[in-house]
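Here's a quick tour of a model, written for someone who likes to know the cut-offs behind the words. Have the viewer open while you read.

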Amino acid sequence: MSETLDTSTLEGANRDALVRLIISLADSKRLMGIRYSDWTLGAPSIETGVSTASMTQDEWGHARLLYAMLKQLGIDPSPVEHDRPGEEFASLSALDHERGDWVGTVALIALADEALSTMLRSFAEGSFEVARTRVPKMLAEEEFHASLGAAWYRRLAAAEGEAAGLLRSATEEMLPGLLAWAGANDAAARAMVDAGVIGPAEDRLSAFRDAVRDLVALVGMDINTVEPATDWDEVRGRASGRPDEEACERARGDRNRALLVE
Amino acid sequence: MSSAGWRPDVTTLPLPVIERRRHAGLPKAVTSHMSGGRDLWSAPLEEAPDDRVQGTWDLLQEVLDPEIPISLPELGLIYGVDFEDGVARIDLTFTATACPCMEFIREDITDRLESEYWIDRVELVEVWDPPWTSDRITPEGREKLKKLGVSA
């Protein structure tokens, strides 16, 4: 484990890089919760619907703890959570649009949530003390998400009809952005590696590839042949694009502003 | 009564227009509900305990989890107690990162402890390390759950 990062002396580009990392993780968790919540009453079985409700709760709990990490850097999380325009959201590109079918949502659970966990594992083993103490609980909760995602992925990959083809399409569409994000290696990401906050890009990338290799092989894909996306936005630390406006309104709580509590 | 021709006797009211800014129409801070374990609380102590830390632990034994009817220490949510200059500091965790009872628990701890004349203030510190698991339930808590037919 790295030595503990002294956040009081962190400034300039290094501080910005840590802020970017935290917000990207937190935004992704919040958006992931929204995408899961859309299936609490429409999943293929009641049991799975209950699971998506539970996972929604987890994701928003993780988002809350992640946004709160900004306090360590002297930043009030409230405006970050509730007052940013959609073009500043730094969530995974896989979460930009509502998945119109259950197959795409399964790909989100099995692949996108795993990309987040890959980064979180690296974060938990790094030098940022708050991540070391908070992230292990998140990862423990994520074990259940991974089990559900893998079970459904296997089931759909083996299903007759068009399910396997749709799953492959969703996987093909999603993977390049996830690989780029998990293996981020721009100046800000390298600054975080140098500060010991996260591990090297090649380690994160290979960890993510290892985690999803067997699953994507079920739809005939070799993870080693999939290249990361190249349309990278260095300001936000994600691929280009942005979440749809309705999701941003839900993430910010625009319709609930009168009910906001401290 | 035949439903034919029946019309609900209701008056249609326009929805209130809520200004889209923070705290519009409501107090800045809205306190949440309180859990149901309060009827088990004993009266405040007439004399302060010699060992304030142990005394605080004893009081916490009266504060039940809102969902599971055993105390917070029995559930393993209290990671530490400190006492200095009238301030009780409680290191507290939750069973889940999005536990819906967080506010209930915080309020119940604070209200129970601050009912004691020798506790001026309660400081709650949220901790997540080590992560809570059901392994942290004490043998006493486990026994109570068993009697209630709850496996843990």
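This is a predicted model: local features need pLDDT of at least 70, side-chain atom pairs count only at pLDDT 80 or more; totals for chains, interfaces and linings use all residues.

Residues are numbered from 1 along each chain as its sequence is written, and chains are lettered from A and ligands numbered from 1 in the order in which they are written.

**The sheet in chain B**

Chain B has an open sheet of three strands, ordered β1-β2-β3, with mixed pairing. Strands here are DSSP runs (E, at least two residues), as are helices (H or I, at least four), numbered from the N terminus; two strands pair if DSSP finds at least two bridges between them. β1 (78–84) and β3 (121–126) of chain B are at the edges with a single partner strand each, so one side of each has no neighbour in the sheet. From one strand to the next, the twist averages 15°.

Strand β2 (residues 87–92) of chain B runs parallel to β3(B), and six bridges join them. B:L92 sits opposite B:E126 in β3(B).

Axes are lines fitted to C-alpha atoms, for helices over the stretch in contact, and angles run from 0 to 180 degrees between N-to-C directions.

| Helix | Lies across | Angle |
|---|---|---|
| α1 (residues 52–60) of chain B | β1 and β2 of chain B | about 135° to β1(B) |
| α3 (residues 102–114) of chain B | β2 and β3 of chain B | about 150° to β3(B) |

**A helix pair in chain A**

Over in chain A, helix α1 (residues 12–37) packs against helix α4 (residues 102–124) at about 160°, with the axes 11 Å apart. That makes α1(A) roughly antiparallel to α4(A) (the label for angles over 145 degrees). Their contact (C-beta atoms, placed from the backbone, within 7 Å) includes A:L25 and A:M32 in α1(A), and A:L108 and A:L116 in α4(A). By class, the contact of α1(A) with α4(A) has seven nonpolar, two polar and three charged residues; Ala, Val, Leu, Ile, Met, Phe, Trp, Tyr, Cys and Pro count as nonpolar, Asp, Glu, Lys and Arg as charged, and the others, Gly among them, as polar.

**One residue: A:A163**

A:A163 lies in helix α6 (residues 163–182) of chain A. Is A:A163 buried or partly exposed? A:A163 counts as partly exposed because it has 18 C-beta neighbours inside 10 Å (20 or more is buried, 12 or fewer exposed). Leaving out residues up to four places away in sequence, A:A163 touches A:V103 and A:L156. A:A163 and A:R132 are 31 residues apart in sequence and 39 Å apart in space, C-alpha to C-alpha.

Key: Two residues are in contact if their C-beta atoms, placed from the backbone, lie within 7 Å. Angles under 35 degrees count as roughly parallel, over 145 as roughly antiparallel, 65 to 115 as roughly perpendicular and the rest as oblique.
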